[in-house]
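Thanks, everyone. Please bring up the model and follow along.

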Amino acid sequence: MSDTTDLCPCGSKKTFDECCGPYLMGDNDPPTAEALMRSRYTAYAMGSIDYLYKTSCTKIQKEFDADGCKQWSENSTWTGMEVVRTEGGGENDNEGVVEFIAHYTIKDKPVQHHETSTFQRIDGKWRFMDGEIAKKEPIRREAPKVGRNDPCPCGSGKKYKKCCGAGE
């Protein structure tokens, strides 16, 4: 674990001790769905796989892949998270939704994990219920696709594969 005076990995701009530290150490429970989401991100960043299991609902616990989570945690450099929106999930609520983007790099490639997660208060404690990864928008071409044997659109009169498409 990092120095507890360092900023918390969840991006709150608070120190670990002031933010997610007490939750990961078992001293307190997150009071809101967003606080649980932030602490779960921090758990990935710090390799606290047991915390991820503990803060999941029973259904998720039955499917929990601790080894897979550990590998993802260890093979990634966690660079921050941003909360996009929340619905409910306050201190007086029993259900909540948190949409977030987790930032990390894996094999020097930056990744954005965009997810909408649902949370529920069970026996007075917030639990992760499920998550839905945001669908990426398909790439839309401005021009029709050019086949390798079609005339090159640059107007050279050559086949695309012998002109602008060479090397593809």
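Start with α2: A33, A35, L36, M37, R38, S39, R40, Y41, T42, A43, Y44 and M46 are buried. Buried means under 20% relative accessible area, exposed means over 50%, and partly exposed lies in between, with a 1.4 Å probe and protein chains only. Helices (H or I, at least four residues) and strands (E, at least two) are DSSP runs, numbered from the N terminus.

Some ground rules. This is a predicted model, where local features need pLDDT of at least 70, side-chain atom pairs count only at pLDDT 80 or more, and totals for chains, interfaces and linings use all residues. Residues are numbered from 1 along each chain as its sequence is written, and side-chain values use heavy atoms, with hydrogens and water left out.

Back to α2. Of its 14 residues, 12 are buried. From first C-alpha to last, α2 reaches 20 Å, close to the expected 20 Å; that expectation is 1.5 Å times one less than the number of residues. G47 follows α2, with a positive phi near 75 degrees.

Now the core. Which residues have the most contacts inside the largest nonpolar core? They are C8, C20, L24, M37, Y51 and F119, in a core of 30 residues. The largest share, eight residues, comes from α2. A nonpolar core here is a set of buried Ala, Val, Leu, Ile, Met, Phe, Trp, Tyr and Cys residues joined through side-chain atoms within 4.5 Å. Take C20: leaving out residues up to four places away in sequence, C20 touches C8, C10, R38, S39 and T42. Contact means heavy atoms within 4.5 Å.

Next, the rings. The whole structure holds eight aromatic pairs. In W72 and W78, ring centres are 5.3 Å apart and planes sit at 65 degrees, so this pair is edge-to-face. The cut-offs: rings of Phe, Tyr and Trp (its six-membered ring) pair if centres lie within 6.5 Å; planes under 30 degrees apart are stacked, over 60 edge-to-face, the rest tilted. W72 is partly exposed, at 26% relative accessibility. W78 is buried, at 14%. Ring pairs also link Y41, Y44, W72, W78 and Y104 into a cluster.

Last, the strands. β2 (residues 95-106) and β3 (residues 109-122) pair antiparallel over 12 bridges; pairing takes at least two DSSP bridges between the strands. E99 has T116 in β3 as its bridge partner. Two residues separate β2 and β3 in their hairpin, where K107 takes a positive phi near 55 degrees. β3 also runs antiparallel to β4 (residues 125-133), joined by eight bridges.
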